[in-house]
Amino acid sequence: MRYGFHPEALGEYAEAVQYYTEQRIEVAQAFINAIEDTVYRIKEAPTRYAAIDEDVRRCMARRFPYGVLYTIEQNYVLILAVMYCSREPGYWKSRK
C-alpha cells in the first residue's frame, strides 16, 4: 500500500532526527530505522492498529517514545503525525 506524510508530520520527523543527530549520529540512525519499521508495519496491515480518534490509528515505534498516527484513505495511508508521546494529546487533530 502506498503512503504519504502530512507536511507537518514530515516536519516533526525531521525535527526528531535533528534532535537525535545532535545527541549521537548512531542514535539518529536507530530512530530513523525505528520509524521506517513502524511505517512498514502500518503498510503491511493498516487495520491492525487500534483507532484512537474516529478514523485515526496509532502504531508505536520500537525503542523510542514515538507513535505514528495515520488514517487509511482510499488508495493510501496518510501519516498525520510522528508524535512524541509526552506531547500534548490531540495537537494533530486539525490535520485531518
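This is a predicted model: local features need pLDDT of at least 70, side-chain atom pairs count only at pLDDT 80 or more; totals for chains, interfaces and linings use all residues.

Biologist: How many helices and strands does the chain have?

Modeller: The chain holds 2 helices and 5 strands. Read from the N terminus, their order is β-α-α-β-β-β-β.

Biologist: And what does the radius of gyration say about the chain?

Modeller: The radius of gyration is 13 Å, close to the 12 Å that the globule rule gives for 96 residues, so the chain is as compact as a globular protein of that length. Along the principal axes, its C-alpha atoms fill a box of roughly 40 × 25 × 20 Å.

Biologist: What share of the residues is buried?

Modeller: Of the 96 residues, 42% count as buried.

Biologist: Turning to helix 2, which of its residues are buried?

Modeller: They are Ala 28, Ala 30, Phe 31, Ala 34, Ile 35, Thr 38, Val 39, Arg 41 and Ile 42.

Biologist: What do the buried residues of helix 2 pack against?

Modeller: They pack against helix 1 (7–23) and against strand 1 (2–5), strand 3 (56–60), strand 4 (66–72) and strand 5 (76–84).

Biologist: What span should helix 2 have, and how far apart are its end C-alpha atoms?

Modeller: At 1.5 Å a residue, the 20 residues of helix 2 (residues 25–44) should span 28 Å, and the end C-alpha atoms are 29 Å apart, which agrees.

Biologist: A last topic: how many positive and negative side chains are there?

Modeller: There are 13 positive and 13 negative side chains, and the centres of the two sets lie 6 Å apart.

Note on methods: Residues are numbered from 1 along each chain as its sequence is written. Side-chain values use heavy atoms; hydrogens and water are left out. Helices (H or I, at least four residues) and strands (E, at least two) are DSSP runs, numbered from the N terminus. The expected span of a helix is 1.5 Å times one less than its number of residues. Buried means under 20% relative accessible area, exposed over 50%, partly exposed in between (1.4 Å probe, protein chains only). Contact means heavy atoms within 4.5 Å. The radius of gyration is taken over C-alpha atoms; the globule rule is 2.2 Å times the number of residues to the power 0.38. Lys and Arg count as positive and Asp and Glu as negative; His and the chain ends are not counted. The place of a charge is taken as NZ of Lys, CZ of Arg, CG of Asp or CD of Glu.
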